[in-house]
Amino acid sequence: MEKESRPSWDNPMQFVLACVSYAVGLGNVWRFPYLCQMHGGGGFMIPYLIMLFVEGIPLFYMELAIGQKMRLGSIGAWSAISPYLGGLGIASVVTSLYLCLYYNVINAWSFWYLFHSFQAVLPWSDCPVNSNRTAYLEECEVATPTQYFFFRETLNISSSIDENGGVHMGQALCLLLAWLIVYLFIVKGVKSTGKVVYFTATFPYVVLIIYLIRGVTLHGALNGVKYMFTPKMEQLANPQTWINAATQIFFSLGLGFGSLIAFASYNHHNNNFENQAITVSLINSGTSIFASIVTFSIYGFKATFNYESCLERMRLLLMNTFELAEDTVHIDNISFWITDLNRTQPEQFAAIASRIETCSLEAELDTAVEGTGLAFIVYSEAIKNMPAAQLWSVLYFFMLLLLGMGSMLGNVTAIITPLRDFKVLAHSLSNETLNGLVCLFCLLLGFGFTTRSGNYWFTMFNEYGATFSLLFIVLLEIVTVSYIYGLKRFEKDIEDMLGRRPNWYWKIMWVAVSPLLLISLFVFYILNYIQGGAPTYQAWDKDVGRSVVKEYPVYGQVFITLLLVSSVSCVPLTALYAFCTRHQRGVRVSENAGHSVTSTV
């Protein structure tokens, strides 16, 4: 009866758009282009697409099937399969909670940049002057205006995780706004989410298309696109290339968080989730490739701009030092003049030798940046050099905001749906109240990321809060479905919903290929963590204007261990609780039976 009264999507398109909005997120824009750049451009597409078909689509299909069959959130669905597996759902909820705590902070940064884009001159275009108005601020001069704006104006970051400070009020207000909007998006549950995804899933593509048109027309954009599609096939022999391709597919589709199970639980019983799993997976990967073309066109523009600026500095240096005629030195023959002057006038050249730079377009394009560095520093630096920079800044950060908000809908749904499946909460709290309490709880904890050392804790959650636990969760999911619940039984469930059994491709992936791949990734992660030594982080050094590597203090390393263990420990602890509970019930039943026999005698 409880399942029958469960709300549903208005139509299958809402479900597809919700999955697209959830799966297509910030990782498509800032992680995939970085991996392409690091692993041989177009050559990375080969392992990426292979991993999509042997890992991504089969696991995506499996989670949708479980959610649609059980019509429950992650905790209820796995408990229904076996009471000992309820901890698998709890682990998913805990991991989603960790993600929600820090992921919305990125949306707060997007709001911050979006609001600052409505200015006559973008605030990250130039360095601010000092209090005496006699020079630029030293921290900005030794770094760059874009780095200064991110690390000082946006984060007001401390020099290490040990150095705490007060809350950044601007960031705190932006975080409050981000959570308020998330709450409004999910306030009515699936009914309100189903309306919102029409916008959050489609508008980012409009912005990407606009950016593509603008990007390919920028000076030097083709240098970046050519760099992306020029394969370095030797990278295929590098095991790290395949591992990164597998993990990118894994995290990009949002497997293991419980969001897909939650979304699918609102489907009608006979919904064709097989076609939807294939469609959403292909859209997600296609978006990564499409976004990379846009990103590399911007990369090309920025790299060409920096390369030509370097050549122009060298041209002016040579002209002013050696009193050369202006028309004799140009950017195409700088190398010739440097070599010639070093040979013919060695003493005069030695005086400026320390100021000679090596200008290389290839080196500029090889500089790989990911994550916040790409989204908020590299892109900002490229945007400030575009005509009508304010317009492109508004469009870009609005797109980032929608991508982040779309993913947050899935992340929060992964927490709320299992909670609503508990009858106590469902009967005592309305949708609006429960959703509001979850958002408020995450907001209050999220304020910690807006302190001066908050970015270091953000990095800790980003690097250790989900990776290990998700690999463990999805590995246990597929082993459970294939070998505990039973593949034959799972096939019958699919036949009951779709009217046909899954073909040989799905069965081979579930039984053999995907589990072996996940075991390999899991083992690699553990070995890599052990061999990596003490965990480190990038700390901002304002004196040198760049990030420096520092080792986490003891309490930081203890907290990392808790992050790694806290979610996965839910599985054995819940299984132990279920065993003890059933054992006690068995003892009580035996005692009652004994008393009954005695009284009868």
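Trainee: Is C127 buried or exposed?
Mentor: First, a word on the source: this is a predicted model, where local features need pLDDT of at least 70, side-chain atom pairs count only at pLDDT 80 or more, and totals for chains, interfaces and linings use all residues. Residues are numbered from 1 along each chain as its sequence is written, and side-chain values use heavy atoms, leaving out hydrogens and water. Buried means under 20% relative accessible area, exposed over 50% and partly exposed in between, with a 1.4 Å probe and protein chains only. C127 has 14% relative accessibility, so C127 counts as buried.

Trainee: Which residue does a disulfide join to C127?
Mentor: A disulfide is a covalent bond between the sulfur atoms of two cysteines. Here the criterion is a pair of cysteine sulfur atoms within 2.5 Å. With an S to S distance of 2.0 Å, the disulfide partner of C127 is C140.

Trainee: What is the handedness of the disulfide of C127 and C140, and how many residues apart are they?
Mentor: The torsion about their S-S bond is about -85°, so this disulfide is left-handed. C127 sits in the loop between helix 6 (86-116) and helix 7 (138-142), and C140 sits in helix 7 itself. (Helices are DSSP runs, H or I, of at least four residues, numbered from the N terminus.) The pair thus links distant parts of the chain, and the separation is 13 residues.

Trainee: How many residues apart in sequence are the parts that the pair of C310 and C359 ties together?
Mentor: The sulfur atoms of C310 and C359 are 1.9 Å apart and form a disulfide. The S-S torsion is about -75°, so the disulfide of C310 and C359 is left-handed. C310 belongs to helix 15 and C359 to the loop between helix 17 (346-352) and helix 18 (361-366), so the parts tied together are separated in sequence by 49 residues.

Trainee: What pattern do the disulfides follow?
Mentor: The count comes to 2 disulfides. With bonded cysteines counted along the chain, the pattern is 1-2, 3-4.

Trainee: And C442, which is in no disulfide: how far away is the nearest cysteine sulfur?
Mentor: C442 counts as buried, at 1% relative accessibility. The nearest cysteine sulfur belongs to C100, at a distance of 5.2 Å.

Trainee: How are the rings of Y102 and F458 arranged?
Mentor: Rings of Phe, Tyr and Trp (its six-membered ring) pair if their centres lie within 6.5 Å; planes under 30 degrees apart count as stacked, over 60 as edge-to-face and the rest as tilted. The whole structure has 52 aromatic pairs. For Y102 and F458, the centres are 5.4 Å apart and the planes 85° apart, making the pair edge-to-face.

Trainee: Which helices does the pair of Y102 and F458 tie together?
Mentor: Both residues are buried. They belong to parts that are 356 residues apart in sequence, and the pair ties these together, namely helix 6 and helix 23 (residues 454-464).

Trainee: At what angle do helix 4 and helix 24 pack?
Mentor: Axes are lines fitted to C-alpha atoms, for helices over the stretch in contact, and angles run from 0 to 180 degrees between N-to-C directions. Helix 4 covers residues 45-70 and helix 24 covers residues 467-498. Their axes are 10 Å apart, and the packing angle is about 60°.

Trainee: How many nonpolar residues does the contact of helix 4 with helix 24 have?
Mentor: Ala, Val, Leu, Ile, Met, Phe, Trp, Tyr, Cys and Pro count as nonpolar, Asp, Glu, Lys and Arg as charged, and the others, Gly among them, as polar. Contact means heavy atoms within 4.5 Å, and the residues that meet include L59 and I66 in helix 4 and V474 and Y485 in helix 24. By class, this contact has 1 polar and 5 charged residues, and its nonpolar count is 14.

Notes. Helix = DSSP H or I, 4+ residues; strand = E, 2+ residues; numbered from the N terminus.
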